[in-house]
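Biologist: I am new to this structure. Could we go through it together?
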Amino acid sequence: MSLVVSNLSVDHGAIRAVSGVSFTVESGKIAAIIGSNGAGKTTLLRTLSGLKSATHGSAQWNDHDLFSVKPEFNVRHGIAHVGEGKSVIAELSVEENLHLGAIWRKNKKEMKSTQLDVIELFPILGERIKQRADTLSGGERQMLAIGRALMSRPQLLLLDEPSLGLAPLVIEQIFQTIKSLRDQMSLTVVLVEQNALGALEIADTGIALNLGKVVVAGSAQSLLNDPAVRAAYLGY
Amino acid sequence: MYKFISSLLIGLSLGAIYSLMSISLVLVWRSTRVVNFAQAGQAIVSTYIAYEVVNRTGSFWLAFIVAILAGALLGAIVDRYFMRPLFKRVTTGPIVAIAPVVATLGLLGILRAIVGFIWGVELKPIAAPVSLDGYSLGSEVLPFAPYNALVILIVAIVLIVLSLLFQKTNLGLSLRASAFSPEIARLSGVRVNEIRTLGWAIAGAAGAIAGILATPTSYLSPNSLDILLVFGFAAAVIGGLESMVGAVVGGLVLGLGVTFVSNYVSTSLIFPTAFVFLIVILLVRPSGIVAGKRSRRA
Amino acid sequence: MRKRLLLFIALGWVLLFIGDRVDELRVYQGASIAVYTIAIGSIILLTGYSGQISLGHGALMAFGGYVAALCVANASLPLWFAFVMAALLTGIFGGVLGFAAARLSGPYLAGTTLALAVGLPSLANQFSILGGEQGIYLDPGLPPARLGEDFSQYKWFFWITTLAALITMFWLSNILRSKYGRTWRALRGNEVAAQLCGVHTGRQKVLAFALSSGLAGLAGALLVLTISTVSPSAFPLSLSFALVTGAVVSGIYDLKGVMLGAVILVIIPEIADSVASRFGDSLKIISTLPGLLVSALLILAVLFTPNGPGEKLHHLRHKRKAHSG
Ligand SMILES: Nc1ncnc2c1ncn2[C@@H]1O[C@H](COP(=O)(O)OP(=O)(O)OP(=O)(O)O)[C@@H](O)[C@H]1O
Ligand SMILES: [Mg+2]
């Protein structure tokens, strides 16, 4: 049980955004992918979920080849992707956003119980359930985005910069939630972050990308201790 | 007073038809970012098919059902086998911005020519299922007829069905999600392409109903629905082009406005009224009277 | 500029020379080609160089046609003055419309101008000064006597329209190369960027729309000259569609192909007629075939040479070079 990415390259026209990237994430672990602006993190995640096509290389989740189907079918294989920048649908209510996450299941009862679980995780969403998503605060929106992804009862969660633009306290809360998802539901998480310190603190493994290439990979602890990583990404 | 009430009712029944056309344009615009000028062509095809069914079986209602199905099917075909290949092919150069407009325009021309080939260009009538003679109140005969009442009733039913579909069902949620944010819908497991085609089908059905309802009070010819397209577009713009509620409000406002002007000022001013409405709305409330959030420069 | 002027003068001589050597029908078609050239040029100015599309240029032509006919019939003004008035007033009318249109993009302008095309011609029936369905007769006058006894009316039309088309094209090719042309192209490319560079995008769009409308008005007046009457039926919706087709076939941002589009628009009815006559002049075919051909051509052009034949040729040439080299 693991996510295996091997020798993955992705192009945006003439630009090679991801180049020869390989890594493995064991089931039930959090992998933090860190790197500065334009390192190729978003591109990597979008390729894993199928939104962008790979130039070459492969990605397997257990027995499933991620590149063999469209993104709408990858969800059905237990893979959920939360896009960069609070990916919720502003025009829909909180409840509708949550329902959307489970829409392919078609099982109303299961949907209801999952919704209760998600609201237990993010109680604020319960209070805002009938409001339109564009009335939420930034932090609430990010919770809704994660909640929407969880509604599909995924095994593998791809998160793109959940801390983007949030206050430190809210970031901490979101990171703790991600950690508890791993600990309690043994969810596998690929966490893309520019907030390297926060991400590495909850992660099991870490991968640093630069200009589309892996520069350092190893246990999260080893990255935290690596002087080069500290200088480049942690700022101390 | 009679004149006022009767104008009100006539305006509603006219506005109801505009609303349907407007909805069909809005549905496609929201999901595909295309104003489907071919909608008038699709509706003319389904209405001619209805004409044929009425002629052979004498049943307006059978024709009505057939028209809806034909309209839906045609809408789906246009999206699947016309728009999608077009978007795949035309991806570069300055033409990209105008290609959808130009292509739907071309399709409109082709559909009109096809019905012209098959049914000729003479005017054809479709008999109304109920009387077109106005109700009489004492010695007064109102222009408002049972058929107008029927139109209002049918459109009301259609609108209720559509709003239930969009607000209460998973399909409706998929349709809205795909329109507002295809990417998030896709990541949630919605089969966005299929849903979009379905949206075109629903739009086609709405346009088909507008076409068949508009015909008994006038006549059928290959371009008899062009005006309806224009009024539907004006209604959609009045409503903000993004919102289905806006489309209905826009249709009713336009229907009432046009009817009151033609009853109280001059019948020859119907078209100028609609056009002036359109221009004024564009100048003073570019986002429509039902305020939408999105900018229209998109 | 000098060189281009000479080129246009030379082209004019060639056309006159040809005009002297073909029969009356061809001369008449030549006049129509000149009219369509101006009309298509006006769309290219608008769409290719400011990124807006109009589906209502047929209606603007009608506007110009009525202005010209009213000038001649009611005010007995000379012909050339009527043409100037047609261009001017249609330009002003277009400017007013463009003021609404400038605030919007793509589908809004397309729909609004479509409304104009559907509605404006039918307005003619509602104001008695416009002569209803019969329209207004425009007396084109006789060709000047010094051109000789056997100088036909059609040749006279041909001269006038060709001269107008040459002047228009020369003016267009200059303005598109000028500061304005560059600004419009920038607008088409990226409105936001143009705005950031300090271009007053709204004003530029109104200007482009007004100029384009003025040209359409001139084309309308010339069209009325060649058919001697202006009536609603001369400006159906299909005319607007045909113009868009002509522009797309010509390559919507390239003035060079503009004659090609005009020639095609003139040939299509002829093809339709000859096909119809094979099928026993069936009314159905005569009345629907031109529309079908125009629409089919439009769709094929969008699908296969979306950015005009110029680009296609360019590509082919490149391919061949790549092969041989
Ligand atoms: N749609 C696109 N078209 C062209 N180039 C793109 C596109 N998306 C990304 N790129 C380029 O690919 C490279 C990687 O971008 P990517 O968005 O994956 O970086 P990132 O690591 O997510 O950055 P950030 O931390 O700023 O989100 C960048 O050079 C970017 O300019
Ligand atoms: Mg990113």
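Modeller: A word on terms to begin: contact means heavy atoms within 4.5 Å. This is a predicted model, in which local features need pLDDT of at least 70 and side-chain atom pairs count only at pLDDT 80 or more, while totals for chains, interfaces and linings use all residues. Residues are numbered from 1 along each chain as its sequence is written, chains are lettered from A in the order in which they are written, and side-chain values use heavy atoms, leaving out hydrogens and water.

Biologist: How many residues of chain B are in contact with chain C?
Modeller: On chain B there are 51, and they meet 48 residues of chain C.

Biologist: And what area is buried between chain B and chain C?
Modeller: About 4300 Å², with carbon and sulfur atoms giving 78% of that area. Buried area is the accessible area (1.4 Å probe) that two parts lose on being put together, summed over both.

Biologist: Which helix of chain B gives the most to that side?
Modeller: H4(B) does, with 16 residues. Helices are DSSP runs of H or I with at least four residues, strands are runs of E with at least two, and both are numbered from the N terminus.

Biologist: Turning to chain A, is strand S6 covered on one face or on both?
Modeller: Both faces of S6(A), residues 79–82, are covered. Ile79(A) and His81(A) on one side are buried, as are Ala80(A) and Val82(A) on the other; buried means under 20% relative accessible area (1.4 Å probe, protein chains only).

Biologist: What is the bridge partner of His81(A) in S7(A)?
Modeller: The partner is Leu158(A). S6(A) and S7(A), residues 156–160, run parallel and are joined by 4 bridges; two strands pair if DSSP finds at least two bridges between them.

Definitions and conventions: Buried < 20%, exposed > 50% of the residue type's maximum accessible area, 1.4 Å probe, protein only.
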